Amino acid sequence: MKLFHLRGGIHPDYRKGQTSEKGIVAMTMPAMLYIPLQQHIGLPAEPLVREGDLVKKGQMIARSQGMLSVPQHAPASGRIAAIKELIAPHPSGLMQQTIIIESDGKDEWAELSAPIPDPFTLDPQTINDRVADAGIVGMGGAAFPSAVKLNLGLQKRLEILLLNGAECEPYLTCDDRLMREHATEIVDGARIMAHALGTPKIIIAIENNKPQAIETMHRAASAHSDIKVVGVPVQYPMGSERHLVQAMTGRETPARKLTADLGVVVHNVATARAVHHAIRFGRPLVTRVVTVSGGAIREPKNIEVPIGTRITDLVEFCGGFVVRPERLVNGGPMMGQPLSSLEAPVVKGTSGVLALTADEINERPASPCIRCGSCVSACPCGLLPVEMAAYIRKDNLEGAAKQGVMDCVSCGSCSWVCPSHIPLVQYFNYAKGALNAQDRERRKNERVKTLVEARTLRLEKAAEAKRAADLARKAAREASKATTTAKDEANV
Amino acid sequence: MSTPISGPFTHKANSVQNTMALVLLALTPATAFNLYLFGWPAILLFTVTIGACVLIEALCLVLAKRPLSTLTDNSAVLTGWLMAASLPPWAPWWIGVLGAVFAIALTKHAFGGIGQNLFNPAMVGRTVLLISFPVAMTSWVAPQPLFSPGAPSFSEAIAITFGGQTVDAVSSATTLGHVKTELTRGIPVTESMAQAPDLMDMAWGYRAGSLGETVALLILAGGLFLLFKRIISWHIPVAVIGTLFLMGTLFHAMDPARYASGMFHVMSGATFLGAFFIATDYVTSPVSKAGKLVFGIGVGLLAWLIRTFAGYPEGMAFAVLLMNSLTPIIDQYIRPRVFGRSRKGEPLPLKLAKEEEKS
Amino acid sequence: MILAISSLTLMGLTLGGLLGVAARLLAVKEDPLEEELKSMLPGSQCGQCGYVGCAQAAAALAKGEAPITLCPPGGKAVIEALAKRLGVTADLSEHEEKGPEYAFINENVCIGCTKCTKECSVDAILGAAKMVHTVIAEPCHGCGKCVEVCPTEAIRMIPVPVTLNTWHWPKPMKEQLHNAEAA
């Protein structure tokens, strides 16, 4: 299959060897599980249980709220210990509503929705509803509700389901292991999704540094002529949705459009497996495979973890720390987010937990930019990071926006190559956040203005009505006076 | 709560210091051979120039209240090295010191220090010296390798560099200068070229010229090393040398008596040093690849024009400086196309797959 | 001689006349700056800027008598819009971003006097006479007028909490950078 060239990008030190040969092991059920109500893009879920309630594994404990949201399910049987504000696995370190389950150790499944033996005869909406009910989100890290993405099939004519097994982030091997160990499940999930989306073709893209995964997936897919397994060049950020679509089809997603507008929908391989479980067994998303790695971890592993397991339990399961980690990361080292606390739980989007040493990070204080242009050559989006950062440093956000900061995908390539170690990505993250906040503020101001206008209008109307009433009363009085006078006159 | 630090949490093992050190390493063989060819006076001038640059850098950092640790970034050494490489080898010590003042204090720190200067410091230093002290800056000597008979001893060298002793006895002209002077006397290039050293000798540096620019082959080797190490990209060197060669060859073919050949232009003067080490200076050249090409073509074209038509025999420094002044404009207008957008910055039109297949 | 003078005079008169006509015909109407500025302000007449209402504030802005950072409820967005329109650079350093706030009524203290509901320019306060009032946080834009009229001091302004959906990355700190780069 012909592949298309991607400009820019980098070739970081992949360091996948720490875990790539370690098979997926199941985590022992921790005593306490912490289920944040918001693990996804959109609105948080709404609790369905109260403190003290008994729940079974797979039981829905919070339902989705609004269009862009997903429900949460109990990953273990046990008792609801509390529902309270706890630290979220988020760079801000903010608290959020979290359901705490005390596991009873029995790991009993609740009564699940009936398995669907032949999903290909069902209409797409039924499949999408089941996926939505199972609480499935994009498991590559973005955690976008999967059913919403599958619903695109009902609105647009799609051609290709692109299954993303690129796993271009260093360290992470969870998708690699998943493809090697559960290839048939992934292929089945992909076929179900393709049916729901109405795409005649499935392409599974895997970076060439995972030959065994390519081989296994190839074998698993060989029975289906509509599935193609393609090895793609090792180049970060190959796994970025838009870039992968470009590499596979040569089509460039226009700014502010979706890949679906080009007829391609991208899903992660782990998501496909979750869909398989939801449809074939009625099982909601309550576990995921997480790569625990990094120089500070004693025994790096790939672990099938119940959602809600605290990072500290996970680290303990891997033998604890060898040295004090310099940085804890939720996800891969390029696009992952810093973890503010070991107390934060694993959520649906957690692909990796990395405990990195100072040597691995190689972070230094920033020095002045020497305009070497490395960031410009590395940028896969054709931006000039050096200039955008200069605008943002001087708080000229509008200038940065004109330079295209909103088109930045925060892949981190520029920060990675920068010889001056300037925190370019953080400048861009800040600018994007601040511009979005300004936008929100502007919308709020507009809303305030319409409310004020409505009120003014109402007051004016009320005043007018009052005036009219006054006038009427006055007229009536005058009239009555007139009549009395007339009467008086008549009487005279 | 402390402010979180954003990713990536892995970085390339590089730094400004390493980058500069690699450039110095790439320069070493050529300069070492050149120092051998021009003997003790050259070694003294080289040391004085770099020393002065580092000292002035330190002074400026103190005045600007910046951490002296920045000194370790090797940038002052590189500036001094490149400027020394462009000086006549037997020039007196004060040439080096004055050049350092112009380069470091006035060109670099007056604009805000490393990364902020518009012009290449080494080339400003050289150019100011050339215009202010034309005699000292054009007193060339033929190579007299260390320890060879007739080469100045260490004490004689001290007299030459620090004592102001004139060097008339050994003066010689650069090949470019020679060709130019002869041309003004009405002697065609074809004839004056006959007396010039052959290209092989020129490639090995056996010709009069600046302190560190004559060994074309070793400079080329250093440049290729930088390309291999990805410190520089091919765009600027190829554009500079290519344009120079093209212009030379084209005009030589039209009138061999008036114009020197393309190969001669490439092998003489500061072509290689300029193309690989000076025009590629990060700070003063454009950041995008296309911008670099435009910049390189401009340097090559201007260098050829100045060499051929202007009053000075060598034009590399002027060409680089003139193009430096255009760098901000090049960066403004020549930029990569943003993903998903047209060159004008509008979102790309949505081309459906079907239409694409048809087209 | 006479010819020269007369021709020049004639030319002068014609051209001058033309210019005069052009000035009348092509006259640019005076920029309705005040109106435009007023439309940028929230229009809630909260008076926190020190002027009676938004129209007066706009007039002061147009005359250059008031700083563009005058409007607290408008926040950064308004400052930047004003800066752009007036062609001045927004000096955000002086504008201490106190962060958006909304009004909160202590229900134990509220006596249901309805004074605040009458004052609220966005109808964000619910409550009838003799009933405890509450503020709907969403439309409240933190003008604080209700705080002033409350006879029992039951209302206070509290900052709008930062949530996972509204949090964004801060600008890289100076300490994170080398002195030279921060300069």
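This is a predicted model: local features need pLDDT of at least 70, side-chain atom pairs count only at pLDDT 80 or more; totals for chains, interfaces and linings use all residues.
Residues are numbered from 1 along each chain as its sequence is written, while chains are lettered from A and ligands numbered from 1 in the order in which they are written.

**View 1. An open sheet of 6 strands in chain A.** The strand order is β1-β14-β13-β17-β15-β16, with mixed pairing. Helices (H or I, at least four residues) and strands (E, at least two) are DSSP runs, numbered from the N terminus. Two strands pair if DSSP finds at least two bridges between them. The edge strands of chain A, β1 (24–26) and β16 (337–338), each pair on one side only. Helix α4 (residues 174–181) of chain A packs on the sheet and touches β1, β13 (287–293), β14 (301–306) and β17 (352–356) of chain A. The direction of α4 makes about 125° with that of β13(A). Contact, here and below, requires C-beta atoms, placed from the backbone, to lie within 7 Å. Angles run from 0 to 180 degrees between N-to-C directions, and axes are lines fitted to C-alpha atoms, for helices over the stretch in contact.

**View 2. The strand pair β15 and β16 of chain A.** Strand β15 (residues 327–330) pairs with β16(A) in the antiparallel sense over 2 bridges. A:V329 stands opposite A:P338 in β16(A).

**View 3. The contact between chains A and B.** Chain A gives 57 residues and chain B gives 36 residues. On the side of chain A that touches chain B, β15, α10 (358–361), α11 (374–378), α14 (413–417) and α15 (424–491) each supply at least two residues. That side of chain A divides into 28 nonpolar, 17 polar and 12 charged residues. Ala, Val, Leu, Ile, Met, Phe, Trp, Tyr, Cys and Pro count as nonpolar, Asp, Glu, Lys and Arg as charged, and the others, Gly among them, as polar.

**View 4. Backbone angles at A:N362 and B:F147.** Most residues other than glycine have a negative phi, and most peptide bonds are trans. A:N362 is not a glycine, yet its phi is positive, about 50°. A:N362 counts as partly exposed because it has 18 C-beta neighbours inside 10 Å. A residue is buried with 20 or more other C-beta atoms within 10 Å of its own, exposed with 12 or fewer, and partly exposed in between; C-beta atoms are placed from the backbone. B:F147 also has a positive phi, near 65°. B:F147 lies in the loop between β1 (140–141) and α5 (154–162) of chain B, and with 10 C-beta neighbours inside 10 Å it counts as exposed.

**View 5. Cis peptide bonds in chains A and B.** One joins A:Y236 and A:P237, with omega about -5°. A:P237 is found in the loop between β11 (227–232) and α7 (241–249) of chain A. Another joins B:G7 and B:P8, with omega about -5°. B:P8 is in the segment before α1 (16–63) of chain B.

**View 6. A:N128 in helix α1 (residues 124–133) of chain A.** A:N128 is buried, because 22 other C-beta atoms lie within 10 Å. Not counting residues up to four places away in sequence, A:N128 touches A:A147, A:L150, A:N151 and A:A196.

Methods:
Two residues are in contact if their C-beta atoms, placed from the backbone, lie within 7 Å.
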